[in-house]
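User: Can you take me through this one? I'd like the cavities and then one of the sheets.

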Amino acid sequence: MNAPIPADQLRALLDMPLNDPDPAETAEWRESFAALAETHGPERARWMLDELARIARTRRIGWQPELATPYANTIAVEQQPAFPGDLAIEERLASLMRWNALAMVVRANKAYGELGGHIASYASAADLFETGFNHFFHARDESHRGDLVFFQPHSAPGVYARAFLEGRLSGEDLQHYRQELTAPAFESGSGARGLSSYPHPYLMPDFWQFPTGSMGIGPISSIYHARFMRYLTHRGLLDCEGRNDNGTHIDKRRVWGVFGDGEMDEPESMSALTLAARERLDNLVWVVNCNLQRLDGPVRGNGRIIDELEKLFAGAGWNVIKLVWGSDWDGLFARDTDGALMRAFANTVDGQMQTFAAKDGRYNRDTFFGQNEALARLVEGLTDEQIDRLKRGGHDLVKIHAAYAASAAHRGQPTVILAHTKKGYGMGSAGQGKMTTHSQKKLDEHDLIEFRNRFALPLSDEQAAQAAFYKPAEDSPEMRYLKDKRAALGGSMPRRETACEPVAKPDIAAYAQFAVAAAGKEMSTTMAFVRMLGNLMKDAALGPRIVPIVADEARTFGMANLFKQVGIYSSVGQRYAPEDIGSVLSYREATDGQILEEGISEAGAIASWTAAATSYSVHGLAMLPFYIYYSMFGFQRVGDQIWAAADQRPRGFLLGATSGRTTLGGEGLQHQDGTSHLVAATIPNCKAYDPAFAGEMAVIVDAGIREMMVEQKDAFYYVTLMNENYAQPDLPPGVEADVLRGCYRFQAAAGEGRRITLLGSGAILTEVLKAAQQLAEEGIAAEVFSVTSWSELARDGQACEARALAGEAEPGRPFIAQQLAGGSGPVVAATDYVRAVPESIRAFLPAERRYLTLGTDGFGRSDTRAALRRFFGVDAASIVRAARYALA
């Protein structure tokens, strides 16, 4: 790496036009620096530059180095390692992947024009994928616990095409791309399976490991997965760093992410770059496929996205490797002794570069190389076809391998590879570099034959015109090579696994007896939860597997006592004496700390939660995350990430604290949550509960632990908590099952007068109980049900209805109807959420009973709880008025 830089090349790079008041002096400085670098090598040259920069800062010159480097490859030709494979075979295999991926999309859209699909993204990324598959992406086996790979979502057809050659998918499977419901496996339970549009672990649970279809979520998720691997290592739960184990070397595990340059516009993509650098995550490699094009046009038409991203990543502290030009350009750069190419690239924006990709060799000769005589001389010996085939770096397997190898060897920083490609590479006039290429999914006979010819595929004209799938013979050199390479890397990828040892659950009395038998003690459900969590973390079996996560509110939620008990995770420990070191609740960071405190970043916290909640699958080690946060900053803020987590079949708890629209009185509109239960109800594998009392919450938490850690079911729980202190009753005996199903009778009706049923949940149940007392004083007998989950009641009713619509003889009766069967009169429901939440069960109540709902629709306000509940009409007086109205 420290070989001297040839003086003529360095002078050429430095020979840029300047508005120079003293050219002679500048020339002396240039010559001096060139001589220094040539004589003593890059290390000494870098030291001298650092020293000059230090002097400039000291003298307040107001200068700092430009973060962008010339538009050329970071890894010089002489630094490239020998390519360790058979280049010709790998190029043929990549061509086959491209063809089968294209054929899959084309065939689907010939049959059903509405299915959609993408060809151009994978056409640009195929070589990036194939180099990883052949040399770097390690699957889980006895010698390696497996790399984590996040695949660019629009390139899913290419991953399916490889699985087809590997024998994991059949040609019939490929014919059911984006046809999951009409595939035989879905309709009859056997035969060809449907292939999901993008990576979806929920839909293809044995295949895809990570969902990446929602732009930006894959990048941030990959960062927090890499950090969670460090967390597991530092806590002594699972070594992900590589070691010698009983004489067997276990290789370091890495997280690879292949993402698009347009995807880098998403705030989630960029939001955790500094965390990755701060944590020195050298187990993380991003490959950004810079094909310069979004869906509608160029990414940075008037600039250069590679330059912009280089500055961004370098400034954030990442190791940046630019992979710009293929091997065909090496000779041109070698002959370019006066820097003409570098000057031309410096003045070429991406919009023009896209045009060069869409045009032929003659156009590129005339327009790019025809800018001046120096450029024209560089290509005098090349034909138009050779110019047309000058590869960008992301299409050159040798260059890609060199970049990947350098990233794998780098220590102390995460690495990003900025790979220059052409969108729609090889699609010719049908789509290469064109504005419409992202949506291109139908190719005519001429286009297909042209593609066949471009990649020298062994297909007849008829086979090409029909977009026939092609698979070489099993004993062919290509197939043997393909399988040998994957065998050496642990087998096929992607591959989702779920084998995991269950974890024993302590008895509820061991950690939550104080809540189940509260005996009227005043506390908030948040306080009760934190106490439960502390007790759970002391359990020998389950305790080490618990991952407490907070964004920046541990003290707010009363979790400060956990700081000393288990510590806050820090990869470097604690290098300072905290201000409150003498306090029993002092802040303590530790390398083996258990709490993940993510700062003011709900996006980061939910990404950490997802990493922990999917550890059973990703790492074969069951972990149980509890992420507690202001409920308003959950589904409303990071709902897309929660939805993506649901796709991965997570197991864990989301705790929405200070929940509801009136429990967090003084904070006002943007802090008051009236809708999270509405959103949670839309996620099929999320069980959402709004318990009013600590005993209810204990039963819910206990059931979740059993379901996720012992029974190993793919579900996660959302539980809302309040910071309001009030008397906590004992949990009535025998109601545990009803609590989990959604409601139980908390208080029977007293007296012989007119009758009414009151339903309440969470913070408003106490108001319902006050209303019941006032009604009793008026001679109205009110029975009270504590509704722990509106969404579970609604789902139960919907399931009964679906069975009835399917013609089942005994579809069952909705649970809420069963619960209300013994009562009479109207039903009034009140919650701290919008009325749509209790309205979700209306269809499943007894038909003869009038139903009236009260909720907190509208924007929030700042005031006392009493004033807010009065304003929204969910206080005891409002409930009494509603009851009178319903009875009238």
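Analyst: What follows covers the cavities, then a sheet and its strands. This is a predicted model, in which local features need pLDDT of at least 70, side-chain atom pairs count only at pLDDT 80 or more, and totals for chains, interfaces and linings use all residues. Residues are numbered from 1 along each chain as its sequence is written, and side-chain values use heavy atoms, with hydrogens and water left out.

User: How many cavities of 30 Å³ or more are there in the whole structure?

Analyst: The search finds seven. A cavity here is a set of points, on a 1 Å grid over the protein atoms alone, where a 1.4 Å probe fits but cannot get out; lining residues have an atom within 4 Å of a point. A volume is the space filled by probe spheres set on the points, and grid points are joined across faces, edges and corners.

User: What lines the largest cavity?

Analyst: The largest cavity holds about 190 Å³ of space. Its lining has 15 residues, and W329, F356, N364, I387 and R392 lie nearest the centre. α14 gives the most, with three residues. Helices (H or I, at least four residues) and strands (E, at least two) are DSSP runs, numbered from the N terminus.

User: And by class, what is in the lining of the largest cavity?

Analyst: Ten nonpolar, one polar and four charged residues. Ala, Val, Leu, Ile, Met, Phe, Trp, Tyr, Cys and Pro count as nonpolar, Asp, Glu, Lys and Arg as charged, and the others, Gly among them, as polar.

User: Which residues lie nearest the centre of the second largest cavity?

Analyst: R140, D147, Q209, R495 and E497, out of 14 lining residues. The space in the second largest cavity is about 100 Å³, and its lining divides into four nonpolar, four polar and six charged residues.

User: Now the sheet. What is the strand order?

Analyst: The order is β18-β20-β19-β21-β22, an open sheet of five strands with mixed pairing. Its edge strands are β18 (743-747) and β22 (851-854), each of which pairs on one side only. On average, neighbouring strands are turned by 25 degrees against each other, direction ignored. Two strands pair if DSSP finds at least two bridges between them.

User: How many bridges join β19 to β20?

Analyst: Seven, and the two strands run parallel. In that pairing I756 has A782 as its bridge partner, and L758 has V784. β19, helix α31 (residues 765-777) and β20 make a right-handed β-α-β unit. Right-handed means that, with the strands pointing away from the viewer, the path from the first strand over the helix to the second runs clockwise.

User: Which residue of β21 is opposite T757?

Analyst: V827. β19 and β21 (residues 827-830) pair over four bridges in the parallel sense. V827 also stands opposite Y851 in β22, and β21 is joined to β22 by four bridges, again parallel.

User: Where does the antiparallel pairing come in, between which strands?

Analyst: Between β18 and β20, over four bridges. Q747 stands opposite V784 in β20.

User: Why is β19 described as largely enclosed?

Analyst: Because five of the seven residues of β19 (residues 754-760) are buried. Buried means under 20% relative accessible area, with a 1.4 Å probe and protein chains only.

User: How many residues of β20 are buried?

Analyst: Eight of its eight. I780, A782, V784 and S786 point one way from β20, while A781, E783, F785 and V787 point the other way.

Methods. On a 1 Å grid over the protein atoms alone, a cavity is a set of points where a 1.4 Å probe fits but cannot get out, and a pocket is an open set with protein on both sides within 12 Å along at least five of seven lines; lining residues have an atom within 4 Å of a point. Buried means under 20% relative accessible area, exposed over 50%, partly exposed in between (1.4 Å probe, protein chains only). Axes are lines fitted to C-alpha atoms, for helices over the stretch in contact, and angles run from 0 to 180 degrees between N-to-C directions.
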